[in-house]
Amino acid sequence: MTTFPASLPGGTWALGDLTVTRFGYGAMQLAGPGVMGPPADRDSALAVLREVADLGITHIDTSDAYGPRVTNQLIREALHPYPEALHIVTKVGATRDEQGGWPPARRPEDVRRAVHDNLEALGLEVLDLVNLRLGDASGPRPGSLAEPYEALAGLQRQGLIRHLGVSNATPEQVAEARTIAPIVCVQNMYNLAHRHDDELIDELAREGIAYVPFFPLGGFSPLQSSALSAVAARLEATPMSVALAWLLRRSPNILLIPGTSSVAHLRENAAGAGLPLSGEDLAELDKIGR
Ligand SMILES: NC(=O)c1ccc[n+]([C@@H]2O[C@H](COP(=O)([O-])OP(=O)(O)OC[C@H]3O[C@@H](n4cnc5c(N)ncnc54)[C@H](OP(=O)(O)O)[C@@H]3O)[C@@H](O)[C@H]2O)c1
């Protein structure tokens, strides 16, 4: 069944000249264990992606480092030729090693190669949005992003990339990027329990720039909080639904990319993000990460 994007909770947001549903989808969970190799059940992974499109979701987050290459190839197999309204957001700046680690790959030649790899794997001539991923697995790290970001801005001028963003970035790196070329989003870790970017979110909202929290449900360790469980029980909803609904209410520039390898969870999340939260619920939830 095809539904219209407007029926997804949160409505839409403009990433530059691209309109996306605020309820998006993060494809990382489609690769094998540790985000390495193929999924245990390829047909289920393809079914999740087809359901994403059928639900009217127009924002998919991916990276050629997932698998590596695995999620991009699944996206292409499931959805190419892509619906005109669908926008695939990818990221460059890290690669994979044989142990499943995520070593940085941020020399200009690395990011250029990664852009061409993403274009090829996804079967695209232009990438809608490329995030430069900074920092490491433990979070953002200070330091100039000029070299790799200037390389991406060069590819944007060549017409290979429509829009740019940064990921796993400090507020200083966000500011530095904006002196080189405009950004349309920041993708950092943020959820009910990890609120270190509160100020940055508000500042970006004032500037019309999207904030895309990764690990909205806690990532590899699901969100756990007695306050969250209490609100969920009162509303007869799951903690995941409450966590997603809270993010949509937190700020209009927040776009959701919850990850799942399950069609049932995808549907549950798309419905759950629309859960109405009262002032009392919000006040109780707001205390969790403060
Ligand atoms: N920029 C970066 O550095 C960076 C880093 C990490 C992630 N990301 C992006 O952010 C996206 C989201 O992050 P994430 O997928 O790692 O974490 P997440 O969305 O916080 O959580 C995903 C986990 O929650 C489970 N889940 C989802 N819906 C559920 C439901 N309704 N009921 C029970 N369990 C549920 C999933 O398991 P099931 O598969 O069983 O549903 C999966 O284990 C990724 O897909 C990726 O695109 C970016």
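Colleague: Is Ala-245 buried or exposed?
Modeller: Buried. In this predicted model, Ala-245 has 25 C-beta neighbours inside 10 Å, and 20 or more is what it takes to count as buried.

Colleague: Okay, and which helix is Ala-245 in?
Modeller: Ala-245 sits in helix H8.

Colleague: Which residues does Ala-245 touch, if we skip its neighbours within four places in sequence?
Modeller: Ala-245 is in contact with Gly-272, Ala-273, Gly-274, Leu-275 and Leu-277.

Colleague: What about Phe-220, how far is that from Ala-245 in space?
Modeller: The two C-alpha atoms are 20 Å apart, and in sequence the residues are separated by 25 places.

Colleague: Let's pick Cys-185. What does Cys-185 touch?
Modeller: Leaving out residues up to four places away in sequence, Cys-185 touches Leu-15, Leu-129, Gly-165, Ile-209, Ala-210 and Val-212.

Colleague: New topic, the ligand. Which residues come nearest to the ligand?
Modeller: There are 26 residues around it, and Gly-26, Met-28, Leu-217, Gly-259 and Thr-260 come nearest.

Colleague: Which helix gives the most to that shell?
Modeller: Helix H9, residues 263-272, with three residues.

Colleague: And how many of the shell residues are nonpolar, polar or charged?
Modeller: Nine are nonpolar, 13 are polar and four are charged.

Colleague: Now zoom out for me. How many helices and strands are in the protein?
Modeller: Ten helices and nine strands.

Colleague: What does UniProt place at residues 24-288?
Modeller: The unreviewed UniProt entry puts "domain: NADP-dependent oxidoreductase" there. Over that stretch the chain is 42% helix and 11% strand, and its end C-alpha atoms lie 24 Å apart.

Colleague: Why does the radius of gyration agree with a compact globule?
Modeller: Because a compact globule of 290 residues would have a value near 19 Å, and the protein has 18 Å. Along its principal axes, the C-alpha trace spans about 55 × 40 × 40 Å.

Colleague: Last one: how many of the residues count as buried?
Modeller: Of the 290 residues, 48% do. And if you take contacts between residues at least 6 apart in sequence, 73% join residues at least 24 apart.

Key
Residues numbered from 1 in each chain as written. Predicted model: local features only at pLDDT ≥ 70, side-chain atom pairs only at ≥ 80, totals over all residues. Near = placed C-beta within 6 Å. Helix = DSSP H or I, 4+ residues; strand = E, 2+ residues; numbered from the N terminus. Nonpolar A, V, L, I, M, F, W, Y, C, P; charged D, E, K, R; others polar. UniProt positions renumbered as here; feature names shortened; annotations may be inferred. Rg over C-alpha atoms; globule rule 2.2 N^0.38 Å. Buried ≥ 20, exposed ≤ 12 C-beta atoms within 10 Å, placed from the backbone. Contact = placed C-beta atoms within 7 Å.
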